Amino acid sequence: MDEAALRREVRAFVAEQVAELGIRLECDAWLSGCSPAFSRAQAARGWLGMTWPTEYGGHARTERERLIVNEELLAAGAPVAAHWIGDRQSGPSILKHGTEEQKQRLLPAMARGECFFAIGMSEPDSGSDLASVRTTARRDGEHWVLNGTKVWTSGAHEAHYMIALVRTSPLDPKARHAGLSQFLVPLRAPGVTINPIVSLDGGHHFNEVVLSDVRLTDADLLGAEGDGWKQVTSELAYERSGPERFLSTFPLLAAAADASSAEFGIALAELTTLRAMSAAVAEALGRGEAPAVEAALVKDLGTRFEGRVIDLARRLHPREADPDSADDLTRHLAHSVTHSPGFTLRGGTNEILRGIVAKSLTTDPVKPASEAGAAVAAMCAGTEVFEPSGVWAPERSRALLKRMLDDGWHRVGLPEELGGHGGELRDAADVAAALVGSPSPLADTLIGAASLLAAAGLALPDDAEVVVVVPAADATLSGGRVTATASRVAWASWASHLLVPVADGAGTTVALVRAADATITAGRNAADEPRDAVAVDAVPLATASVDRSIADVLAEVERTGALTRSVQIAAALARLVPLTATHLHDRVQFGRALVQFQAVQQSLAELAAEASAARAITDVAVASTGTPRASLLTAAAKARSSVAAGTGARIAHQLHGALGVSQEHALHRLTRPLWSWRDEWGNEATWGRHLAERAVAETNGELWPWLVGA
């Protein structure tokens, strides 16, 4: 599949439809922009029911292709509301639970854009408590008779069917989720009344659907009687994880672009992160999995992001919102403001979702992603490098480091022809992540130094152990000697060798120097890790040329440094979650474990969300190394993970209370590095400005194609 070509095709299609139908592209159009004609035209392109089997009118395409089409439509603000619910979740539910007759009757029409669906879950008094539904379906001979009211049924006035969650057995207070079933309700059937619910801005997409003695048969029962709760909860992953949960305000974000704003760049980093998280959920759904927690995290983070886009646009471009303005930014702002109260409510309120997330979290330690990571994690777990008082004992870390060097872990990820053990950067990143919690210089060697060695084609000497890069702006190579000075070089005092990039005409020479031949003055960061001053004036052991300018080489050094810290931040946050969950399960206050308090659950879920975000964008950045998008994705990873580091550390300390501020408690082993790593190799403001400047300079006003690399 040519992803760029598919994206261009969708953009051209949208432009054609704007001209042909006279539609206006708006924020939040996936919910409020209903155009059956647009939906039918989209279906004619084969973009409805894309992943469904061909025997049911589908097109057997991949989840990735479907995601691309939907991202493009949402980013444009296209009016897709007519088909959105059916294509997103009703169709997949029918595929999974429906009878053969239901599939043949409904799915082909849905894929042609001729049959639209609405959701019948919420009720006037149930809110987010779906188990409290009071709409009933009772047997009457060969029929089911439905009575009750559904609300917030988006698009019901345009839809042909509603999948309604109803109670088919009396409520059992001890088993509230039992006795629920789903029905395919024809919305033009006798006894169905649809009343509009008008939104704040006067728009009409919400409805109240009243069912009065609506008679259906077993042919209208979706799935098995009594399985409604299981079916509806599996359906919610489709509803909560899609790109509509963070792209509703993208047209406003694009119109608000500002090259000088670090906040704008940080927003781009967060959007890139959310895209990665949503794509991972889509892939899991395509494999038949039910990633309910991951979907809830996307929805929580994404809808809060949408609200922040509004505030960002207001700060960057102060103006009065005007829904009738010809200016895109002004009009999008007005539209977004009046729709914003619903962002965090629809699909389940964020507060309820955080409760679900918190209850799903375990106290189990994080499992490394690879065998290499697991082996290193086991070595670290078997060696305590902190004193009982909580003070770091460097001599213990040196002993642990020696064992790792003896086993060759410092050569992971470096090509064999350069003295390495081969493998991918992912392997090196997994080892670096496994080291978090046991202070070690190997992360900088495995990612930053290895990258520069590979670029220069320099072999790692047999006696090399810890190798660190000295990014000195004043480095020179003259008379066979290299000179350079740099401050706050990570772990230089533990290094066996130093790498110094030096300008050499239009190119760069990389010099390998013994650390013993340099003057190193000890320093430290807030986590007590070495951050040393280095002065080099020595004859190098070896040199190699790189056909790139010194500016480009130093920029790449900065990128790999930022990537290293992103990997470490993501790993530290991943460990904070079970550490904090354990404390909250064990600590009893007011007669209850702390984890049972709703306010505590909200904060714990937010911590888990920040950890998931950092991990998602860092994984994408690691995987992008060696591609044209590596620089952009690493910038996004460092900006987003730096934000997550600060937020995560703050939440963890708040939840640990006074215990967490003591040195003997293990919490500081993760939070002090987080506070340091978020600022090293550039913090969120540094990388945010970098992204903002590039976004404006390189896009020619077309932000979305630049952001997605197409």
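Two strands are taken to pair if DSSP finds at least two bridges between them, and helices (H or I, at least four residues) and strands (E, at least two) are DSSP runs numbered from the N terminus. In β16, the bridge partner of Val510 is Ala544. The model is a predicted one, in which local features need pLDDT of at least 70 and side-chain atom pairs count only at pLDDT 80 or more, whereas totals for chains, interfaces and linings use all residues. Residues are numbered from 1 along each chain as its sequence is written, and side-chain values use heavy atoms, with hydrogens and water left out.

Strands β9, β12, β13 and β16 form an open sheet of 4 strands in the order β9-β12-β13-β16, with mixed pairing. The edge strands, each pairing on one side only, are β9 (467-469) and β16. Neighbouring strands of this sheet are turned by 25° against each other on average, direction ignored; axes are lines fitted to C-alpha atoms, for helices over the stretch in contact, and angles run from 0 to 180 degrees between N-to-C directions. Strand β12 (residues 497-504) runs antiparallel to β13 and is joined to it by 8 bridges, with Pro501 having Val510 as its bridge partner in β13. The hairpin formed by β12 and β13 has 2 residues between the strands, and Gly505 in the turn has a positive phi of about 65°. Strand β13 is also antiparallel to β16 (residues 542-546), through 5 bridges. By contrast, β9 and β12 pair in the parallel sense over 3 bridges, and Val467 stands opposite His497 in β12.

Burial is defined by relative accessible area: under 20% is buried, over 50% exposed, and in between partly exposed (1.4 Å probe, protein chains only). Because 7 of the 8 residues of strand β13 (residues 507-514) are buried, this strand is largely enclosed by the rest of the structure.

A nonpolar core is a set of buried Ala, Val, Leu, Ile, Met, Phe, Trp, Tyr and Cys residues joined through side-chain atoms within 4.5 Å. The largest such core has 159 residues, and those with the most contacts inside it are Phe250, Leu253, Phe264, Met404 and Leu498. Helix α18 (residues 598-624) gives the most to this core, with 13 residues. Phe250 is in contact (heavy atoms within 4.5 Å) with Ala75, Leu271, Leu703, Trp704 and Leu707, residues up to four places away in sequence not being counted. Another core, of 21 residues, lies apart from the largest one and includes Ala137, Ala164, Val209 and Val214.

Salt bridges, in which a side-chain nitrogen of Lys or Arg is within 4 Å of a carboxyl oxygen of Asp or Glu, number 47. One of them joins the side chains of Arg215 and Asp140 (3.1 Å, N to O). Arg215 lies in strand β7 (residues 204-216) and Asp140 in strand β2 (residues 136-140), so the pair ties together parts that are 75 residues apart in sequence. Arg215 is partly exposed, at a relative accessible area of 45%, as is Asp140, at 32%. Another salt bridge links Arg481 and Asp537, with the closest N and O atoms 3.1 Å apart. Because Arg481 lies in strand β11 (residues 481-490) and Asp537 in strand β15 (residues 531-538), this pair ties together parts that are 56 residues apart in sequence. A network of salt bridges links Arg7, Arg11, Glu71, Glu72 and Arg275.
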